[in-house]
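Below is a short briefing on one protein model. It covers a pocket, a nonpolar core and the aromatic pairs.

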Amino acid sequence: MAQYLISVLTDSTDLASDEEMAAIDVFNAQMQTDGHWVFAGGLAGPDSATVVDSRAGDAVFTDGPFLESKEFMIGFWIVEAPHLDVALKLAAAGSKACNRRVEVRPFL
């Protein structure tokens, strides 16, 4: 089984509606039942980010997001799947549940 990161993308800091949260809960429960669930979480908006850069020796801390972008990651799932096709089907169901675009990337 391979592991995949399914990133939830949005252009708004609005939280999921009650209806979306109910659909996400059903999706999460199904993934757990089917053995695909590893971990999931929601993230605060990009204005709460701190960028840390220690490449030159001493750490430099910068408030705010690393990239200026209209879209950002607001949540994620880490799933186990036997191959990419299964991960993509899970991502499609997750996108429908949370009513947002998602991106799928395999872990190396």
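Which element supplies the largest share of the lining of the largest pocket? Strand S5 does, with 4 residues. This is a predicted model, in which local features need pLDDT of at least 70 and side-chain atom pairs count only at pLDDT 80 or more, while totals for chains, interfaces and linings use all residues. Residues are numbered from 1 along each chain as its sequence is written, and side-chain values use heavy atoms, with hydrogens and water left out.

**Largest pocket**

- The largest pocket holds about 320 Å³ of space; a pocket is an open set of points on a 1 Å grid over the protein atoms alone, where a 1.4 Å probe fits, with protein on both sides within 12 Å along at least five of seven lines.
- Its lining has 17 residues, and Met-21, Ile-24, Gly-42, Ile-74 and Gly-75 lie nearest the centre; a lining residue has an atom within 4 Å of a point.
- At least two lining residues come from each of H1, S2 and S5; helices (H or I, at least four residues) and strands (E, at least two) are DSSP runs, numbered from the N terminus.

**Nonpolar core**

- The largest nonpolar core has 17 residues, and Ile-6, Met-31, Trp-77, Val-79 and Leu-90 have the most contacts inside it; such a core is a set of buried Ala, Val, Leu, Ile, Met, Phe, Trp, Tyr and Cys residues joined through side-chain atoms within 4.5 Å.
- Strand S1 (2–10), helix H1 (18–34), strand S5 (72–81) and helix H2 (84–98) each give two or more residues to this core, and H2 gives the largest share, 6 residues.
- Not counting residues up to four places away in sequence, Val-79 touches (heavy atoms within 4.5 Å) several residues, among them Ile-6, Met-31, Val-38 and Leu-90.

**Aromatic pairs**

- The whole structure has 2 aromatic pairs; rings of Phe, Tyr and Trp (its six-membered ring) pair if their centres lie within 6.5 Å, with planes under 30 degrees apart stacked, over 60 edge-to-face and the rest tilted.
- The rings of Phe-27 and Trp-77 form an edge-to-face pair, because their planes are at 80°, with centres 5.0 Å apart.
- This pair joins helix H1 to strand S5 across 50 residues.
- Phe-27 is buried at 9% relative accessibility, and Trp-77 is buried at 4%; buried means under 20% relative accessible area, exposed over 50% and partly exposed in between (1.4 Å probe, protein chains only).
- Phe-39 and Phe-76 form a tilted pair, with ring centres 5.7 Å apart and planes at 35°.
- Phe-39 lies in strand S2 (residues 37–42) and Phe-76 in strand S5, so this pair ties together parts 37 residues apart in sequence.
- Phe-39 is partly exposed at 46%, whereas Phe-76 is buried at 15%.

Terms used. Points joined across faces, edges and corners; volume = space filled by probe spheres on them.
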